[in-house]
Structure formats: C-alpha cells, structure tokens
Amino acid sequence: MSNIETFPDLIRLHGLLSVIEDDLADGRAPDRRILKRTIKRIRKIRKDENMSLLLTSSMPLSFLLEDVRNDVALKEMRRAIERTIIMSKFRGIRSKIGLNKPMHYIMTYPVEEAVKAFEFIEGMRPVVLTVPHSSPPFQDKGITGIAREIAKSSGAHLFLSKISRVFVDYNRCSSRIYPGRVFLERIIVERGIKGVIDLHSSNMLEHDVEIGCFSGQTVPKSVLKILEECLRRNNVKYTKEGRFGGDIVWFHSILPDVWGIQIEISTNARKNRIVKALTNFVERL
Amino acid sequence: MQVLIGLEEELFLLNKMGFLSRFSEFLLHRLVRDLSRDRDRLEKARSYLMGIQWEPNPSQIEYVTRPMEFSELREAVGFSRRLIARAAIRTNQLIYVGSVHPVESNPLPLNGTHVNVSVSSNGVPSNKLLAAIYMHIRNHLPEIIAMTANSPVINGRVHGFGSARMIYSRVLKPSGPVIMRRRPVSFIPWRERSKTRYGVIFRKMRLFKSELVFDPAGDRLKEIAIRGPSTNIPEDIHTAKRSSRVEVRGIDNQATEEYLLDTALIIAGLAYEASVLVGRGVKIRERRNLQKNRNRAIKHGAEAEFILDGGERVKARDSFILMMDRIGEYIDLIGSMSSGLKEGIPEIIKIGVPEIVDQEKFSKLEERNRIVVKVRLSGERNGVSFTGSKFRASGEAKGLLFPEYSLKFREENGIVRKFDRIEKRYWLLSKEGYIPLVESDDVIKAITPVGHMAKVIERLGEA
C-alpha cells in the first residue's frame with residue numbers, strides 16, 4: 001500500500017477541516033473558498049485507491065450509516081484523517097489490527113448466525129470490558145472467568161465473543177461490520193462509555209500483565225497512571241513495552257472522549273491479584 | 001547423469017467454512033507435538049523434508065523437500081501434504097492447495113511453488129552447466145508460466161487464465177540473462193546489507209574461479225534464479241558447492257499431486273536437455289521474443305499467443321506441445337508423466353472454474369468501492385437487527401453495501417483442492433440493522449466513503 005503521493009494532501013485536508021470546525025464552533029458560516037479547497041483535496045485523495053481505502057478503514061461506521069450533525073461529521077472526518085496519518089507512517093499498527101492489505105468490507109460468516117455470535121452483559125459504570133477470544137478453539141485460556149469476575153465486582157459492561165476466532169476475530173479490522181462490533185460501537189456512544197479494556201491471556205509473557213496502548217496513542221497518561229498504581233498496589237508485575245494492541249483498542253478509542261487499553265494477562269499469574277487490581281482500576285475511573 | 005529435484009510449496013490454512021484461518025503457529029506447534037510421539041512418521045519427515053515454515057501471512061504455510069530423485073519426490077509430496085493436513089485437522093483447520101483464495105486473496109495472499117533442480121555427473125554441477133540450465137529453462141518460462149497459471153477466481157470475481165502470482169506478487173521480478181565473470185572479491189551494496197554483515201566478500205580462488213551473475217545486485221527473489229556459492233547472491237556465498245541449483249519460482253500451485261509432479265518433471269527435463277546441449281558444445285542464447293511471450297503468458301495463461309523466433313504466432317498450448325515433443329526423451333529418463341500436461345491440458349481447464357452466484361448490480365458497485373448507498377427496496381422484507389431481532393424494512397434505506405460469501409468445496413482428508421461454488425449475497429448495513437438486498441431493488445445513490453466526505457462538505461456549503 002503505497003500512499004506517499006497523496007500524503008501531503010491528507011495533512012492539508014486535516015488543516016482545512018480544522019479551520020471549518022473552528023468557524024462552526026464560533027457560529028460563523030464556513031468560508032466558501034475553504035470549502036472549495038477542501039472538496040478539491042478530498043477528490044484528489046479519492047483518486048489514490050490505496051489512500052482512499054486506508055482512509056475508509058479509519059472512518060467510524062456511524063459516519064457512513066447515519067446523517068449525523070455537521071459538527072459531529074467534521075469531528076469524525078478529522079479523527080479519521082488523524083488515524084490515517086498515523087497508520088501511513090507506522091506500518092506496525094496496520095499489521096496489529098489486521099490491515100495488511102487494502103480493506104474491503106466483506107462478511108465470511110452468515111449474517112443470521114453472526115448476530116448470535118456475541119454476548120453483552122450490561123453494567124453500571126462507563127467502562128466496557130471486551131473479551132474477543134473467549135470461545136474455543138484457540139480461545140484465550142482462563143480469561144472469560146477473570147473478565148466475568150471483574151465485571152461483577154466492578155460493575156463494568158462486559159462484551160464476550162461467542163464464536164471462535166477461527167471464524168470471526170473481533171480484534172481484527174475485518175470484523176468491523178459484524179454485528180458484535182457494530183453493537184459495541186453503538187453501545188460506546190449510547191451509554192457514554194469512557195473506556196474500553198480489551199482482555200486477553202497468553203502463556204508466553206514474561207510479566208503477569210502486559211499493557212498495550214499503541215505506544216500511548218489510545219489512552220491518556222492520567223488513566224495509564226491509575227492502572228499502573230492499581231497493579232503495583234496488588235503486587236502485579238507489569239510492562240507497558242510488550243503488547244501493542246489490536247483493532248478493538250485502535251478503532252473504538254477516540255481520544256479525548258473514549259480511551260482504550262489492551263491487557264494481556266499471563267496464564268501463570270495469580271488470578272485473584274489481577275481481578276482485584278483491575279476491579280480497583282475500574283472503580284477509580 | 002544425476003537429476004535432483006527439490007520442491008517448496010506454499011499452502012493456505014482454511015477454517016471449516018472455507019475462509020482463511022490465520023493459525024499457522026498453532027498448527028506447527030501441534031505438528032511438532034504429534035511428530036515427537038510418532039517415531040515412524042518423524043523419520044519419514046526427516047528423510048523427505050528440510051523443514052516446514054510459516055510465511056509472513058499467518059494463513060500460509062510452506063514445506064520444503066530435500067533434493068531427491070523424481071521417483072522419491074512423488075512419495076515426498078504426498079507425505080508432506082498429508083502431514084500438514086493431519087495437523088490442520090487436529091487444530092480444526094483444513095489446507096487449501098490452490099494459488100489464490102477465491103474470496104480473500106485481494107490479490108494477496110498468494111501461494112506458489114518453487115522447483116529446484118540440479119543436473120550433474122558427480123553431484124556438483126559446474127558453473128557452465130548451471131548457466132546453461134538457467135538460460136534454457138528461462139527461455140521456456142513463457143510455456144511453463146502459461147501452462148501452470150492456476151488462479152481462476154480472485155476477490156470473488158473471475159480472473160481468467162492469467163497467473164495472479166506473476167501479476168501481483170511484489171517479490172517476483174523478471175530475471176536477466178546470466179553472465180560469468182571472474183571476481184575474487186565482491187562488493188555488497190549498502191541496500192543489501194541485511195543479507196550479509198560484510199561489505200566486501202573474498203572468495204576462495206581455487207574453488208570459485210568465476211561468479212554467475214543474473215542480477216547485478218545479487219537479488220534472489222526472481223522468477224528464476226541460480227542458487228549456490230558461485231553466484232553473487234549474498235545469502236548463498238557461504239553455502240556448500242553441492243547446493244548449487246536452478247530455482248524456478250514463477251509457478252502457480254497445482255491442486256493435484258499429478259500436475260505438481262509433472263511440472264517439476266518438465267523443468268527437470270529441460271535441465272537435462274540443457275546438459276545434453278552443453279555436452280554437444282551448443283551455446284544457449286536468449287530467445288528473441290522471450291520477454292514479449294513471458295508477458296503474454298502471465299496475462300493470458302494457456303490462452304496466450306506466442307511469437308516464435310521466426311515471427312510465426314502460435315497458441316501457448318501448441319508451443320508447449322512442441323517443447324514437450326522435443327524434451328520427451330529426457331523426461332522419460334527421469335520419470336513418467338501422469339497428468340493432463342502430457343496432452344497439453346493445464347490444470348485450470350482440467351478441474352474447471354468454480355460456479356459464481358453473484359448479484360451483479362451490487363457487485364459492480366462494490367468493485368468500484370461505491371459502498372455508501374441509498375436504495376429503494378422493491379418490497380417489504382425482514383431485516384435483522386444487531387442483536388438478532390427481526391424488523392420490517394421497506395421504502396428507502398441508506399447504509400453500507402457489503403457481500404456475504406458462502407463457499408462450497410470438497411474436502412479429502414483435510415485437503416481442499418477446489419472450490420465448487422462461490423455464492424455472494426449482498427446486504428445493506430443500515431442504522432437499524434442488516435437488510436438483505438435483491439436484484440430488483442433500485443439503487444438511488446452510490447458513492448465511495450471518501451466521496452461521502454466530499455458530500456458532507458458540499459452540504460455545509462449549501463447550508
């Protein structure tokens with residue numbers, strides 16, 4: 001995916017959208033010349049197929065499905081461009097979210113079956129715990145129990161996958177049009193969710209917990225500090241340098257409104273300490 | 001003459017519904033566990049295989065055989081495919097031996113087969129012989145590419161007879177003619193520094209009197225390459241002389257073992273013919289229309305038309321049959337052919353193209369990425385909400401157009417060789433949920449997601 005040619009146009013488009021956003025925020029009508037230039041830039045980017053597909057992969061579905069208010073649409077467009085700029089420069093992100101080739105929305109699992117392929121347990125707090133690899137085969141061992149305990153004791157919402165990742169991997173961008181992901185996107189907006197905690201487990205970790213936040217791009221420092229404090233207090237060894245994150249964290253975190261953290265838990269770690277630490281974390285938010 | 005052949009074949013991993021499954025690591029882990037408990041199978045694997053490796057895409061896996069005589073190769077290929085398929089079944093997966101996945105290759109990931117061949121009287125081919133084998137096989141690459149092209153469907157659409165591997169692969173570049181040069185010391189360019197830590201490499205003068213150069217930068221990722229210490233390939237400089245061989249990489253996967261083995265046999269036959277020509281003192285030069293024919297073979301496969309040295313035009317299949325008539329006697333010395341290639345029938349024709357059931361109206365829009373659509377539904381119908389409840393949809397609906405695929409295929413002991421039917425059904429993802437679309441629905445508006453951005457800005461101007 002080469003997109004060097006239209007990269008400067010993307011940067012300029014971001015600048016133009018910011019100007020229009022400012023005008024609207026101040027109650028002024030946007031300058032017609034600026035609008036014309038913006039449309040011209042968008043049309044230029046549209047001609048670059050790779051850049052166009054990369055930009056599409058950064059757009060929230062609500063922007064494409066609904067007639068949202070102008071200010072909201074502008075904000076979503078600007079954020080989509082920001083994500084695309086980051087992805088253009090850091091190819092590692094693309095491979096982590098499963099965007100190794102231009103993204104096309106297709107479904108490889110029947111729609112009628114896919115609507116039953118997740119479980120959502122309502123909570124009270126504005127945090128949602130997601131467990132995208134909770135069903136066998138190739139499930140993350142022990143993580144469903146941990147997630148249920150944390151959700152029960154902290155009052156967080158809980159999203160569980162009911163299908164193996166062999167068929168639908170909710171932590172990859174190819175699953176974005178699947179009912180589970182669309183539902184998750186809606187819940188985040190409708191319930192005013194502030195944070196998404198994506199839970200995984202692995203038997204190959206050096207520490208009890210590895211925190212993934214795309215090098216801090218999906219979570220503010222203040223939230224990360226609270227998490228670290230909770231882990232330390234409960235004697236849980238952790239690292240921030242390990243796991244990068246997946247598509248749930250990348251796509252559903254829209255700073256400053258919604259943050260996302262991927263937490264990878266070692267199968268050898270003491271479960272009660274981790275449950276306690278993460279419950280404390282959710283409660284303190 | 002001793003003719004040794006080695007094969008490298010990439011395979012896809014599928015889930016039970018026929019879509020790519022990205023768990024090669026789990027499969028290999030399982031395979032190692034199983035092999036360590038089964039002494040007989042382990043011994044067999046050791047004798048046939050150099051190793052099994054994963055590719056950058058986790059839905060691909062590759063086995064590499066040891067160099068062996070053709071009579072052994074048949075057993076080795078069957079064993080290797082069965083070995084991987086067995087591990088796939090035990091990890092709830094299947095293997096697909098095709099070149100492209102008919103839906104998810106877009107156009108990547110792509111599979112291919114590498115055939116390594118060496119001909120010698122004492123186990124170590126001379127540089128002169130290697131160069132001749134390389135030039136001779138390279139001269140016949142158009143025929144080989146055309147008759148092995150095997151990627152009938154890509155991204156849910158008919159691709160034709162062309163070779164997707166050769167069209168879309170980012171690492172298969174055309175190779176140039178080989179030259180022999182005497183160079184006791186080599187310079188490795190900065191851009192190739194990852195291949196060796198040295199910038200200057202000294203050669204053992206007595207052993208390697210000359211260097212075979214088919215690419216000035218020593219790049220081995222070509223459709224055909226000479227491998228071994230007497231080349232300028234930085235990775236090969238310190239390998240053993242007996243590993244010298246010619247590697248043909250521009251071959252699509254063949255679903256059946258018969259076609260796969262016959263392809264290897266034909267390449268070995270050409271190598272044998274080259275050695276005979278060298279013995280007769282014939283100098284092998286590049287054919288006149290090689291590049292033109294190569295490009296035609298890549299684009300049109302078995303349907304291509306080649307230009308012969310004299311300027312006459314012949315069908316690729318006829319040109320292939322002419323070649324087969326010539327090398328038949330050498331092939332018979334190595335082994336016997338068992339597939340339709342003997343009669344000039346490529347596998348793509350023999351096993352046929354899957355049936356595609358499509359909703360063309362929507363497919364065309366999707367192809368052009370015009371997926372933000374407004375449709376007038378031709379009748380009332382049930383939609384499915386995100387949580388599974390039903391809702392009635394009628395009139396106009398706006399949303400995202402996408403296809404739902406279902407695949408029909410035959411599986412034999414964990415191996416899928418062919419897809420029989422590809423069914424595409426289009427849905428509209430609206431804010432209420434999923435609405436099934438039918439051909440009689442009217443598309444009022446269809447734009448690309450980026451075009452939708454422009455519309456939003458235009459709307460601002462109007463306001």
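**Briefing: a predicted two-chain model**

Buried residues make up 49% of the 285 residues in chain A; buried means 20 or more other C-beta atoms within 10 Å of the residue's own, exposed means 12 or fewer, and partly exposed lies in between, with C-beta atoms placed from the backbone. This is a predicted model, in which local features need pLDDT of at least 70, side-chain atom pairs count only at pLDDT 80 or more, and totals for chains, interfaces and linings use all residues. Residues are numbered from 1 along each chain as its sequence is written, while chains are lettered from A and ligands numbered from 1 in the order in which they are written.

**Chain A: overall form**

- Chain A holds twelve helices and seven strands; these are DSSP runs numbered from the N terminus, with helices (H or I) of at least four residues and strands (E) of at least two.
- The C-alpha trace of chain A spans about 60 × 40 × 30 Å along its principal axes.
- Of the contacts in chain A with a separation of 6 or more, 82% are between residues 24 or more positions apart. A contact requires C-beta atoms, placed from the backbone, to lie within 7 Å.

**Chain A: sheet**

- Seven strands of chain A form an open sheet with mixed pairing, in the order β1-β3-β2-β4-β7-β5-β6. Strands pair if DSSP finds at least two bridges between them.
- The edge strands are β1 (118-121) and β6 (238-239) of chain A, each pairing on one side only.
- β1(A) runs antiparallel to strand β3 (residues 157-161) of chain A, joined by four bridges.
- Within β3(A), Ser161(A) stands opposite Phe118(A).

**Chain A: domains**

- Chain A is divided into domain 1 (7-95) and domain 2 (111-284). Domain bounds come from an automatic or database domain assignment.
- The centres of domain 1 and domain 2 of chain A, taken over C-alpha atoms, are separated by 29 Å.
- Eight residues of domain 1 of chain A are in contact with ten residues of domain 2 of chain A.
- On the domain 1 side of that contact, α4 (61-65), α5 (70-89) and α6 (91-97) of chain A each supply at least two residues.
- By class, this side of domain 1 of chain A has four nonpolar, three polar and one charged residues. Nonpolar covers Ala, Val, Leu, Ile, Met, Phe, Trp, Tyr, Cys and Pro; charged covers Asp, Glu, Lys and Arg; the others, Gly among them, are polar.

**Chain B: domains**

- Chain B is divided into domain 1 (1-97), domain 2 (101-351) and domain 3 (355-462).
- Domain 1 and domain 3 of chain B have centres 38 Å apart, taken over C-alpha atoms.
- 13 residues of domain 1 of chain B are in contact with nine residues of domain 3 of chain B.
- α3 (70-90) and β4 (94-96) of chain B are the elements that give two or more residues to the domain 1 side.
- α3(B) gives the most to that side, with six residues.
- The domain 1 side has nine nonpolar, one polar and three charged residues.

**Chain B: hairpin**

- Strands β18 (residues 381-384) and β19 (residues 390-393) of chain B pair in the antiparallel sense over four bridges.
- β18(B) and β19(B) form a hairpin with five residues between them, and Gly388(B) in the turn has a positive phi of about 105°.
- Val384(B) stands opposite Lys390(B) in β19(B).

**Contact between the chains**

- The contact takes 40 residues from chain A and 39 residues from chain B.
- β20 (396-412), β21 (415-429) and α12 (449-462) of chain B each supply at least two residues of the side that touches chain A.
- α12(B) gives the most to this side, with eleven residues.
- The chain B side divides into 23 nonpolar, 13 polar and three charged residues.

- The largest nonpolar core has 142 residues, of which Leu129(A), Ile84(B) and Ile95(B) touch the most other members. Such a core is a set of buried Ala, Val, Leu, Ile, Met, Phe, Trp, Tyr and Cys residues joined through C-beta atoms within 7 Å.
- Leaving aside neighbours within four places in sequence, Ile84(B) is in contact with Leu11(B), Ile52(B), Ile61(B), Tyr63(B) and Ile95(B).
- Tyr63(B) lies in strand β3 (residues 60-65) of chain B. Tyr63(B) is buried, because 23 other C-beta atoms lie within 10 Å.

Methods. Contact = placed C-beta atoms within 7 Å.
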